[in-house]
Amino acid sequence: MAKKRRKLNKDFERKIYSSKKNIELILAKIYDIDDEDIQKEYTTAFKGVVYLYDELKENYELQGFNDISEELFTNYKNSFNLFETEFEI
């Protein structure tokens, strides 16, 4: 039985790439914080966002573009926006 090909979407791939760059930027800003306690607090809070991004990327690489990938992207964006709102960086 032939394996089903995953559906690709260039616009969605750009969103994933942009999300990766946003994560790298925020992590760089977090690592620039001099106070270790604050840095640890920000890192801990941002881990959830990074986890959602990793889940999104893995799902897209394995399954391609589908309803689940769109939902994962929405969850990631909501989490990222919540982090930016709660933590001024």
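The count of aromatic pairs comes to 11 in this predicted model, where rings of Phe, Tyr and Trp (its six-membered ring) pair if their centres lie within 6.5 Å. Residues are numbered from 1 along each chain as its sequence is written. Because the model is predicted, local features need pLDDT of at least 70 and side-chain atom pairs count only at pLDDT 80 or more, while totals for chains, interfaces and linings use all residues; side-chain values use heavy atoms, with hydrogens and water left out.

**Aromatic pairs**

- Tyr 42 and Phe 87 form an edge-to-face pair, 4.9 Å centre to centre with 70 degrees between the planes; planes over 60 degrees apart count as edge-to-face, under 30 as stacked and the rest as tilted.
- This pair links distant parts of the chain, as Tyr 42 is in helix H2 (residues 36-63) and Phe 87 is in the segment after helix H3 (67-86), 45 residues apart. Helices (H or I, at least four residues) are DSSP runs, numbered from the N terminus.
- Tyr 42 is buried at a relative accessible area of 13%, and Phe 87 is buried at 14%. Buried means under 20% relative accessible area, exposed means over 50%, and partly exposed is in between (1.4 Å probe, protein chains only).
- Tyr 76 and Phe 80 form a tilted pair, 5.9 Å centre to centre with 40 degrees between the planes.
- Both Tyr 76 and Phe 80 lie in helix H3, 4 residues apart, about one turn of the helix.
- Tyr 76 is buried with a relative accessible area of 0%, and Phe 80 is buried at 4%.
- One aromatic cluster includes Phe 12, Tyr 53, Tyr 76 and Phe 87.

**Nonpolar core**

- The largest nonpolar core has 20 residues, of which Phe 12, Phe 46, Val 49, Tyr 76 and Phe 83 touch the most other members. Such a core is a set of buried Ala, Val, Leu, Ile, Met, Phe, Trp, Tyr and Cys residues joined through side-chain atoms within 4.5 Å.
- H1, H2 and H3 each give two or more residues to this core, and the largest share, 7 residues, comes from H2.

**Helix H1**

- Ser 19 lies in helix H1 (residues 10-31) and is buried at 3% relative accessibility.
- Not counting residues up to four places away in sequence, Ser 19 touches Tyr 53, Phe 73 and Tyr 76; contact means heavy atoms within 4.5 Å.
- The buried residues of H1 are Phe 12, Ile 16, Ser 19, Ile 23, Ile 26 and Ile 30. They fall within an arc of 90 degrees seen down the axis of H1, so they line one face of the helix; the arc is that of the directions from the helix axis to the C-beta atoms.
- These buried residues of H1 pack against H2 and H3.
- The face of H1 turned away from its buried side carries the exposed residues Lys 10, Arg 14 and Tyr 17.

**Helix H3**

- The buried residues of H3 are Ser 69, Leu 72, Phe 73, Tyr 76, Ser 79, Phe 80 and Phe 83. Their arc around the axis is only 130 degrees, which puts them on the same side of H3.
- The buried residues of H3 pack against H1 and H2.
- Exposed residues Asp 67, Glu 71, Thr 85 and Glu 86 are on the face of H3 turned away from its buried side.
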